[in-house]
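Here's a quick briefing to read with the model open. Have a look at the structure first, then work through the points below.

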Amino acid sequence: MDLEYFFELFLGGLTRGSIYALIALGYTMVYGIVELINFAHGEIYMIGAFTGLIVAGLLTLLGWPALAILVIASIAAMIYSCAYGWTMEKIAYKPLRKAPRLSALISAIGMSLFLQNYVLLAQTPDFLPFPNLIPEFDFLEPIEHIARSSEILIYAVTAVVMVTLTLLIKFTRMGKAMRATSQDREMAMLVGVNVNRVISMTFILGSATAALGGVLIASHIGQINYYIGFLAGIKAFVAAVLGGIGSMPGAVIGSLVLGWSESFFTGYISSDYEDVFAFLFLVVILIFRPSGILGRKESDKV
Amino acid sequence: MKAVLTVTQLTKTFGGLHALDGVDLTIGRNEIVALIGPNGAGKTTLFNCLTGVYIPTGGSVEITSPEGHTTRLNGLKPDKVTSLGMARTFQNIRLFQNMTVLENVMIGRHCRMHAGIPGAILRNARTRREEKAVIDDSYRILENFQLDRYVNEFAKNLPYGAQRRLEIARAMATEPFLLLLDEPAAGMNAQETKDLDDLIVRLRNKEEISILLIEHDMKLVTSLSDRIFVVDYGRKIAEGTPAEVCCNPVVIKAYLGEEIDA
Amino acid sequence: MSEISEHKILFGWEEIKKSLLTCIWFMFLTFPIMVIQVNTIHRTVEWRWERLFFVGAGAFLLSFLWRYMIRRKEAGIKREETAQNTHQDLLQRLLSNPRFSRPALAVAVLFFLTFPLVFSLYQIDIMTTALIYVVVALGLNIVVGLAGLLDLGYVAFFAVGAYTYALLNVHFQLGFWICLPIGGALGFLFGVLLGFPVLRLRGDYLAIVTLGFGEIIRLVLENWNEFSFGPSGIANIPRPGFMGMDLALHQNHTYIYYLMVGLTVFTIFVVRRLQDSRIGRAWTALREDEIACQAMGINKTRTKLSAFAIGATWAGMGGVVFAAKTTFINPASFTIWESVIILCCVVLGGMGSIIGVVAGALVLKLLPEYFRAFSEYRMLVFGTVLVLMMVFRPSGLISSVRRVYRFEGRNKLEGQP
Amino acid sequence: MLKCRSNKTLAVMAALVMSMVFCSAAFAADTIKFGVAGAHSGDLASYGLPSINAAKLVAADFNAKGGVLGKQVELVTEDDVCKPEVATSTATKLVGEDVAVVLGHICSGATKAALGIYKDTNTVLMSPSATNPALTKSGDYPNFFRTIAADDAQARQQVDFALDVLKVKKIAVLHDKGDYGKGLAEFAKGFVEAEKRAQLVLYEGITPGAVDYSAVVQKVKRSGAEAIIFGGYHPEASKIVTLMRKKKMDTIFISDDGVKDDTFIKVAKKYAEGVYATGPKDVSKNPLTQAYIEKHKAEFGSDPGAFFDNAVSASIALLSAIENAGSTEYTAIVKALQTHAVDTPVGTIKFDERGDAIGVGFAMYQVRDGAYVEVK
């Protein structure tokens, strides 16, 4: 019984962690290249979910099959989130490239507030049910009480996204340009990297990841409103910092560690102080490893 | 000659890399010593170990004040080191860019002041006196460094040479008996270098301090220094007067093929 | 010269083409969310095409303005690069000119002194709230503006102050005047406590950890019913009495108002003195360059802690007045958005500039009240303003000016702010 | 007038502003001002906006009949976004405009903050939705009334239902850590412990908005609870219920007013079946209720929102009280509210001395075939 309980908490933590990771990946990528806490990243996730909801809602009314809707809604959500991410970068961040970090952060907070209220006013402040687009596969029936198909899909997508992004950054031309930009923007510019394009690309990739997460997670949870992005965004950010912000595997590890610690804390102690524990955990980790679990050690150049 | 700085068997490793490997170094009262070596030889690392930015892995660093107090510096924080009487400048200029020139120097006086928070709020007679004295002293220092016409200018708006001088002025404001200069002439033209030369000599003569400098400009080094230390791969490879060091075959070998800004 | 010619062709064909593109892009961008409303509950779809037209027209016109502003800004940066410390914009010049600033100050003093005699209860009430934010924002200004430590959990200290008064009053019937210094002291203590673990962290890591601390305090207040009465909060907190008298509503509001004016003046007085002192310079130096700062003999730990703690003190005192004025507090008043709003007061007003922060807090707290009719759009506008402000005027409404010293010959010196 | 001499411009300015502030009041002195306060914007607007509509409809009816005390009723609406600190400003603004009575506020916290000001100015306040028991039970607010029953009554109903009807032996109490949810849960916990007929096996708060509740659900499973009493709103409730049913747990789910909302059924779909929730007594058979719902549809083209019936009732009760009292004087209104029963959508009500409407209470509902049905 107790081992089973442990295992169930473990799986719950894995779900939580994977959800955080899908959002944290984009967070950490943008940070790694632009060194900006993109506070509005959660909002991009939310916009992705909303676009997915609208598309899925339309197609459901037309009576399409769930799997087709899932694919089309995800693609639409990714396109729109990318467009939002790109536009956001052009308006709110690009003019601030040379400004102090704090200015960019405030601009990001402003963007986050704007997007939240834009959706609140244009759509609704209430929770909307999200159609369940992830089919319950028959072959998963026997283990359904342990892990549902939507959970398994989230695990799989998280893993695939992480591997893809890591490979993309390691081996493609664009990835090399990204790494160069993150190391030294001026230098990258000198050797002919189009930094503006690299940064735009970073935002587009990060937004696409967030949108994919948005549709999957919303479909798993079953409801969305304009505020989901902020709450999830904060947790994802904590996870990214925990793992060492700027590092892709770090984001996933940080998310999983956060997910598990919350799950076990809730399971064995109390969910009353679940978030308190999450934040304390972050503080303790950062005190002993000031740049997170997998973060590069930053030392001052003197 | 009495030593003000004694470094024995100083070692610093980063992971497996020996940035400093058993360096010995002494500087006497009122002496100018130059530290030279190829790029990446460990010169700045040595500075950082001396001033507390890095904690040395092994060996010891001791300074002796003019009053004769000897203090072991290993593991002390940079601010403590400065208040004990060793000040430094930086290779890449680190001024307080958005503060005025005068304020930069006033910051240097920080560790010689005593006003605390209550003093700042109540602004009692003692604090006022201290504040007035600091402004006064700082202005005088600026005059000495011919920076007085920039008093209220932002540090970032100063010409390059003046920024270098301001860094030295700021360091001098901490009232050191030992001054560490990290490539003070880097990026300067011939005239500016000449002025710097005069300035350093004047500092030594007037303020009676010892100076340790890292420099690539061999002309400046040979004209200024009493002794030269040469380091390479974290080790001292030669030591002596400028004339001795210049003809030392080991030194020539270390520099061979190296591009230096001499 | 090219700038001028560019200005001339602001309405040329190229520009119109650009704006058309922007217009089409935004119509595409906002299409699903603005136009389609799918109601998944009633399974209906509503198409709101008219909105697309507004978005298009708005984007078309605003894109001209945007490009014009960006160009002006870039020209401005070029000018600034060659500018001197003495270069100031019109507002700063006016403020530093005694012929303007003295009468302006006199008018301001008179305005604030006669305010309750002239205006209604409601006006007094919102002005008092605004003044509380002025004090708190000035405190945060020490941390963020002067010492450059980004604190996203500042509201925690505000909560500490508010709960100090509320709890001490509930349990020990302590009065407002005793609690005010206790609130400040506890704020200071919490500043030190929370400051210690985060000293090693810098920049963004500091931001997220302070955010975490802010949330921790709020969550503890929410969960620990036995201590804080939980989410339902504490009601019936007494307003401050005047020499033991119970005052009527209007008198009481007037009284709190004057009390707040006094506290504000006191805060400005103290912050000004701190800023121009040894410790104030050390804070600024720490913001500019930590390494160089230490090399100048400044104790990083102590300096950072003092900034944290002194900043928190004002939040603590502000919190006490807040509790006394609202007469009811619950943890929901101390969310991260409150921290963000206080931070915005500082940044929008002008980091490091006292008069800027005062202006920022007044504007941010008063304008929403005067635009109650548009309250739906309040946060939308707020977000937009934040972005625009950062893009076009990152130094805030009134940017800080370094103290200028005049030396007339040797030893004859006179400091002038 | 010392200040005028010393600065002319200021005096002129002040005069201008003063005239702006007071002119609106001066023009409309012969109407009865009916204040409506609550969350009219932001995320909680959906709870506050129906009360404005309700007040509009009721005021229009009274005005059509010739007004109250021969004067026309004029609405003064002010937003408090459900924040205590804004609510005090809202209250001072309404008080400054000389409102006779106020309908509001919507959230308990904001109501508590604002009440101090209404109390000092002898203004009667009636809330359609603030359910915190202390508002009436503490006796601190003689000027406060409400047309909704307090949380403790709701918790009582839930616990009695679980013990007497369902006869469960192990109960878990969960809440969303919020003002409303935790308040309810505290009462439920207290009642369960006092009754001693069932064991309280788990008492926990969940984090609203969290992405996943499986850990809590596992904990409920392990605790062996036969029933969950949940205090909170429908978004969290539907997540928990869905998760439990998918994990093949058949634990009985009993919740509150915040869950007795059609959205809950629409979101949780088939998993909502069998869920119990307390809610205001069913008044849909009352002709007055039906009449006002029809009026709302005709006037605003949509179904009325949350607390609409309660808001209509409160508006009727307040305006009738002024009429019955024959003046807008505070003690007269209070007396009228306590002595004269009036017909409202929530029944024929008058108020007890603490301010609760007599006869307004809760009933238990269950989701059956996709709709809430009252459990007899």
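Let's start with a pair of helices in chain A: α10(A) and α11(A) sit oblique to each other. That follows from their packing angle of about 140°, because angles over 145 would count as roughly antiparallel and 65 to 115 as roughly perpendicular. Keep in mind that this is a predicted model.

**The α10(A)/α11(A) pair**
- Helix α10 of chain A covers residues 248-268, and its axis lies 9 Å from that of α11(A).
- The crossing of these two helices, α10(A) and α11(A), is right-handed.
- On the α10(A) side, the residues that meet α11(A) are A:L258, A:S261, A:E262, A:F265 and A:T266.
- Facing them from α11(A) are A:E274, A:F277, A:A278 and A:F281.
- Sorted by class, this helix contact has five nonpolar, two polar and two charged residues.

**Where chain A touches chain C**
- Here 52 residues of chain A and 43 residues of chain C take part.
- On the chain A side, at least two residues each come from α2 (41-62), α3 (66-93), α4 (101-122), β1 (128-129), α9 (228-243) and α11 (274-288).
- The top contributor to that side is α4(A), with 15 residues.

**Where chain B touches chain C**
- Chain B puts 38 residues in contact with 32 residues of chain C.
- Elements of chain B giving at least two residues each are α2 (78-84), α3 (101-108), α4 (117-122) and α5 (125-144).
- The largest share, five residues, comes from α3(B).
- By class, the chain B side has 18 nonpolar, 11 polar and nine charged residues.

Terms used. Residues are numbered from 1 along each chain as its sequence is written. Chains are lettered from A and ligands numbered from 1 in the order in which they are written. This is a predicted model: local features need pLDDT of at least 70, side-chain atom pairs count only at pLDDT 80 or more; totals for chains, interfaces and linings use all residues. Two residues are in contact if their C-beta atoms, placed from the backbone, lie within 7 Å. Helices (H or I, at least four residues) and strands (E, at least two) are DSSP runs, numbered from the N terminus. Ala, Val, Leu, Ile, Met, Phe, Trp, Tyr, Cys and Pro count as nonpolar, Asp, Glu, Lys and Arg as charged, and the others, Gly among them, as polar. Axes are lines fitted to C-alpha atoms, for helices over the stretch in contact, and angles run from 0 to 180 degrees between N-to-C directions. Angles under 35 degrees count as roughly parallel, over 145 as roughly antiparallel, 65 to 115 as roughly perpendicular and the rest as oblique. A crossing is left-handed if the near helix is turned anticlockwise from the far one by less than a right angle, and right-handed if clockwise.
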